[in-house]
Each structure stands twice: as C-alpha cells, then as structure tokens.
Amino acid sequence: MQDDIFPAAEKILSDIENVVKKNPSLKSFEIIPAEDNENKSPVFHQEDCLGLASWCVQPLYCYAYRRLFELRQNKHRREEPSTIARWLLGALLLNPDVTTFWNMRRELVRNHKLEASEEFFFSRLVLYHKPKCFEAFAYRRWLLSYMLNSKDGHYDPESVESPLCRELDIATTCAERYASNYHAWSHRRHILTLRESRGFTYPNLETEWKNSLAWCQRHVSDYSGLSYRQFLLKKFMFEFKELPKEPSIKYSDVREQWKEELFVYIKSNVSEKGNTHQLQRLFNATNTESEATTSSKMKQYGYFHALSYWLEECHANDSAIFLYNDHEALWCHRRFLAYLLVRFMALKHSYHKDEYDFDSRSVDKSIEKKNVQKTLATLTNDDVILCHDFLVQAFRACTNKIADLAIKRDQHEKMLVERFFKFLQSIGFEIRS
C-alpha cells in the first residue's frame, strides 16, 4: 500500500460521520459511479439514502486502513476515541469483512465511547451495502447480547416491538438483496433461538412460518430460505410446546381440523377399496371423544399438530414442483420431507414409553424421540403404525405423480428425480412400487 497522503480524507470522513449521526433513519448506502470533481463533495445524501462517489473509494479506504493499523501496531500511541470511530466508520462502510476493525469497534462500545443503540443503525447501513457480510451479522448479534445483558437492558418480553423483530426485518432485507444468503437465514435462526432462551413472546413462530412460506414462494430457486423452513419444521415436529393462547380457540376444534386435513390427504392419494375401509376405521378410532381423558386429548392434539405442519409443507412443495420445472432446490427440499417422515415414524417404533424426561429446548435425538412419542399414547400401537403406513402410501402416490410429470418435462429434471429416488433408497424409504 502506498504511503502517499489523501488530503481530503479527513474532510470526507467527517462529512460521512455527520450525515450518519444526524440521520439515524438512514436505510441505504451505495457507491455512486462518478468522475473526480474537486469542486464538489463526493458524499451524497438524499432523504434516507447515503452515497459516496466511486473515485474516492480506494484512496479513502487506504487512508483509513493505514491509520487504523498504525494505531493497532503501536500500543503506546494515543488517539481520541472519536477519531478512531471516524476511521472505523469509513473503513467498515467500504470493506466490512475485516474482523479486526469490528473488534476495535467492540472495544469502543465496551468503554462507552460509542452508544450500542447507535451501532445498530450503523451496521444496518453496512448490511444494506454488503448484505452477505458475516462480520456485520456477528456484530449485531454481539450488540444484542451486550444490550440484553447490560444493567439498562430491560425489555418487555411481551412487547410487539421487540428488538428481535427488528433483527428479522434486517435479515429479510438482506435475503431479498442477495440470493442464497445463508448468513441472513442463519442470523434469523439465531434470533429465534435467542427468543426462546430469553423468554420473548415475539417474534411469533406461527408468523415466521407464514412469512417464510410467502418468501419461498417468491424465490423458488433459493434453497437458503427452504433451509430455514426446515429449521422451523423440525421445531414444530420435535420441540414445539406452545399452545393457542386465545380463549376462542378450542383444542378439540383445532385438533379435528388437523385430523381432517391429514385424512383427506391420505384418502386422496390412497384409492384401493380395502385401504379405504381401514382408513375409515382408523378415523373412527381417533374420534372417541367421550372416552378420552383430558391428558389423552392433549397428547392427540400434539400428534396431529406435528403432522399438520409436515402436511402443509408437503402441499407447498407439491404445488411448487407442479408449477415450476427444473428447480433443484425444490427436489432437495422434498428429500428433507421424506427424511423427516421416516424419522418421525422411526421414533414411534423405537419408543419405550416409561423412559422419558421432557425438555422441549433440547435438540438431542433421544430427547426428541421421547417428546414425540408422548403424543402417541392415545392410539394403540397398531393404529399408529397403520396411520404411518397410510402416510407413506399417500406420499408415495403423490411423489410418483410428480415424478412422472417431471421426467416428461425436462432431461435435467429427470436427473434430479433419479437422484431423489437414490436418496430415498439410501434412507430406507422406497417409493417406486
């Protein structure tokens, strides 16, 4: 790096800093292609947008980078915190992938030279310009923990305007601005995990489930969003313990709705006469309302609740593959749905009902197994196995229809279908009759 000095650097950095401090509502930062103009400032500001002329990017970054590393290497050198913060502001806006600079910013926050609340606004600007920047997401997570752990960090866990909801908005913006943005979706997963550990009511899991479905339907080729759906689906099927809080919602009514949807799915894909009679008998067996205890009803509620989410995701995947041809992400997601069904059934068959210790926050497989099986006690073992057999048959029939259509549409999609069937064989889920 050259040692020549960029005389206008401090003036430009000051202009940027003034705009950022005076306008906390800034939402975007962009590099604007422009020729050098000595009579005009390279800093542009209009409404909630900040811009910097492209001609000054390299010399400005080199200046800030050199000053910061000179400071870092010389422990005896002293600079005003405000000057260091200004250099960091310029360096991180232009290149936010330098971990050292974020660590220096953390030091300033810990020493109360920077306001943690204002840092959220700054890092939002960085993520608008570089929406796939892992370091910026990590910094926001650190800020969030820092504020929640501080003495003044008192937040109402019941408030709709939770700081966690703000993080989800940032993650959504970043996912929209950069395809296959796994860092954004990982940030979202972290926020939901933090929500559970801190006892926040919002963001609501049901809302997340609906919003993520809408996002995935708009971005059918983006597997990063589907991976988040898989994270939510595993939570609903193996860890979920939240029940409807609204007094107008009756558990029996909701359970009946889920049960009806499950049996309609099975019946529409299983047409043999003998199977229909067995299916009707199974439906009647789950409908013995008067003989069931309250505990049994709640367990049955949990069982159909878990399968209702799997079924909803199956319907969404079926529709997407029918509508859009040759999308590998959709077939990879279908692999996961098949795997999850196999896992859900396997948990039942390997269950010993007297050996469980319920903890919904645990992700250990043995705990998941025990949690799921608590929901199955209302049906006999044969009935549950029969229900699972019907589910497999229905999924098999539906998959065969989709596969036949896909094979005829496109040679590349035919290859995706063949890979899908090979995967199913590897997990012991045979589809083709």
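Me: How many of the 5 residues of strand 3 are buried?
Reply: Let's start with strand 3, which covers residues 49-53 in this predicted model. The strand is mostly covered. Its count of buried residues is 4 of 5.

Me: Which residue of strand 3 is the bridge partner of Glu30?
Reply: Good one to trace on the structure! Strand 1 (residues 28-32) pairs with strand 3 in the parallel sense, over 5 bridges. Within this pairing, the partner of Glu30 is Gly51.

Me: Is helix 5 roughly parallel or roughly antiparallel to helix 7?
Reply: Look at helix 5 (residues 116-129) and helix 7 (residues 163-177), whose axes lie 10 Å apart. The helices pack at an angle of about 15 degrees. Angles under 35 degrees count as roughly parallel, so helix 5 is, relative to helix 7, roughly parallel.

Me: How many charged residues does the contact of helix 5 with helix 7 have?
Reply: Helix 5 passes helix 7 in a right-handed crossing. Helix 5 brings Phe120, Arg124, Leu127 and Tyr128 to the contact, while helix 7 brings Arg166, Glu167, Ile170, Cys174 and Arg177. By class, 5 of the residues are nonpolar and none is polar. The number of charged residues is 4.

How values were computed. Residues numbered from 1 in each chain as written. Predicted model: local features only at pLDDT ≥ 70, side-chain atom pairs only at ≥ 80, totals over all residues. Heavy atoms only, no water. Buried < 20%, exposed > 50% of the residue type's maximum accessible area, 1.4 Å probe, protein only. Helix = DSSP H or I, 4+ residues; strand = E, 2+ residues; numbered from the N terminus. Pairing = 2+ DSSP bridges. Axes fitted to C-alpha atoms, helices over the stretch in contact; angles between N-to-C directions. Parallel < 35°, antiparallel > 145°, perpendicular 65-115°, else oblique. Left-handed = near helix turned anticlockwise from the far one by under 90°. Contact = heavy atoms within 4.5 Å. Nonpolar A, V, L, I, M, F, W, Y, C, P; charged D, E, K, R; others polar.
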